[in-house]
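Colleague: I have a model open on my screen and I'd like to learn how to read it. Can you take me through it feature by feature?

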Amino acid sequence: MEPKAIFNWSSGKDSALALYKILQANEFEISSLLTSVNQHYNRISMHGVRTELLDKQAESLGLPLHKMEIPEMPTMEIYEDIMKQTLTNFKNQGVTHSIFGDIFLEDLRKYREDKLALTGFKGVFPLWKIDTTDLIQEFLDLGFKTIVTCVNEKYLDKSFAGRVIDEQFIKDLPENVDVCGENGEFHTFTFDGPIFSKPIEFEVGEVVYRKYEKPKSTVSNSACDTDDTAFDYGFWYADLV
């Protein structure tokens, strides 16, 4: 019997490819997708995607979905308390592993593994240390389709928000931007591919700009990928309807 695992689903390309690899390997029983959701805006944290589209993804994937609701401006303590309670609930259901789409950020992996250990979980990282250029090419070759929903203005301008990732998109990226956006340069929503029973239908709405004030204590971007983190720079969001 395969060990039970939760899959940390961001709705984006890295999650999709990591889930594809996990399903192909058939080493885990995926008990649920787990997605952090901004409680105030009812959107996926950092990606800015409406939860209605998240629901459609889960339906097409044929997997249960748990939305972990996060307050608009969480402190590190609040976030970690919510995560600990969530993991404890899954542990009581016999879940032992937590799967992530992280690629090369060492401090992020250590943070995750340290926190998981507190509740007896083990982390699984199917994309770990694979070259990001190889990953994005594999992603496209497999037939996945994804659209950029959020760009960090520190790295990219407004024109990249709302673009579907293809060969031209990759060529247009500045040299200092990772092709998978692993440093937080951009975030995506995956709407088709071999793990979906049907494509997710949507329209691209307006592109909006948001900048977050800096409170005394918030969750770091690398820690929980929440869209309520304060930065000295802003973000362009393409609203998917």
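Predicted model: local features only at pLDDT ≥ 70, side-chain atom pairs only at ≥ 80, totals over all residues.

Colleague: How many helices and strands does the protein have?

Modeller: There are seven helices and 10 strands.

Colleague: Back to L156: is it buried or exposed?

Modeller: The general idea is relative accessible area: under 20% is buried, over 50% is exposed, and partly exposed is in between (1.4 Å probe, protein chains only). L156 has 3% relative accessibility, so it counts as buried. Overall, buried residues make up 51% of the 241 residues in the protein.

Colleague: And what does L156 touch?

Modeller: Contact means heavy atoms within 4.5 Å. Leaving out residues up to four places away in sequence, L156 touches V151, L173, P174, V177, E185 and F186. As for G234, it is 78 residues from L156 in sequence, with 11 Å between their C-alpha atoms.

Colleague: Which residues have the most contacts inside the largest nonpolar core?

Modeller: A nonpolar core is a set of buried Ala, Val, Leu, Ile, Met, Phe, Trp, Tyr and Cys residues joined through side-chain atoms within 4.5 Å. The largest one here has 51 residues, and F7, W9, F186 and I195 have the most contacts inside it. Helix α1 (residues 13-25) gives the most to this core, six residues. Another core, of 15 residues, lies apart from it and has M68, V95, F125 and W128 among its members.

Colleague: Which residues does I195 touch?

Modeller: Not counting residues up to four places away in sequence, I195 touches W9, A16, L19, Y20, L23, S60, L61 and F144.

Colleague: Where is K56 found, and is it buried or partly exposed?

Modeller: K56 is in helix α2 (residues 51-61). Its relative accessibility is 41%, so K56 counts as partly exposed. Beyond its neighbours within four places in sequence, K56 is in contact with I200 and E201. K56 and K198 are 142 residues apart in sequence, yet 9.6 Å apart in space, C-alpha to C-alpha.

Colleague: What about phi angles?

Modeller: Most residues other than glycine have a negative phi. S11, in the loop between β1 (4-8) and α1, has a positive phi of about 90°. S11 has a relative accessible area of 0%, so it is buried. N26 also has a positive phi, near 55°, and lies in the loop between α1 and β2 (29-38).

Colleague: Last one: how does the radius of gyration agree with a compact globule?

Modeller: The radius of gyration is taken over C-alpha atoms, and the globule rule is 2.2 Å times the number of residues to the power 0.38. For 241 residues a compact globule would come out near 18 Å, and the protein has 17 Å, which agrees. Along its principal axes, the C-alpha trace spans about 45 × 45 × 30 Å.

How values were computed: Residues numbered from 1 in each chain as written. Heavy atoms only, no water. Helix = DSSP H or I, 4+ residues; strand = E, 2+ residues; numbered from the N terminus.
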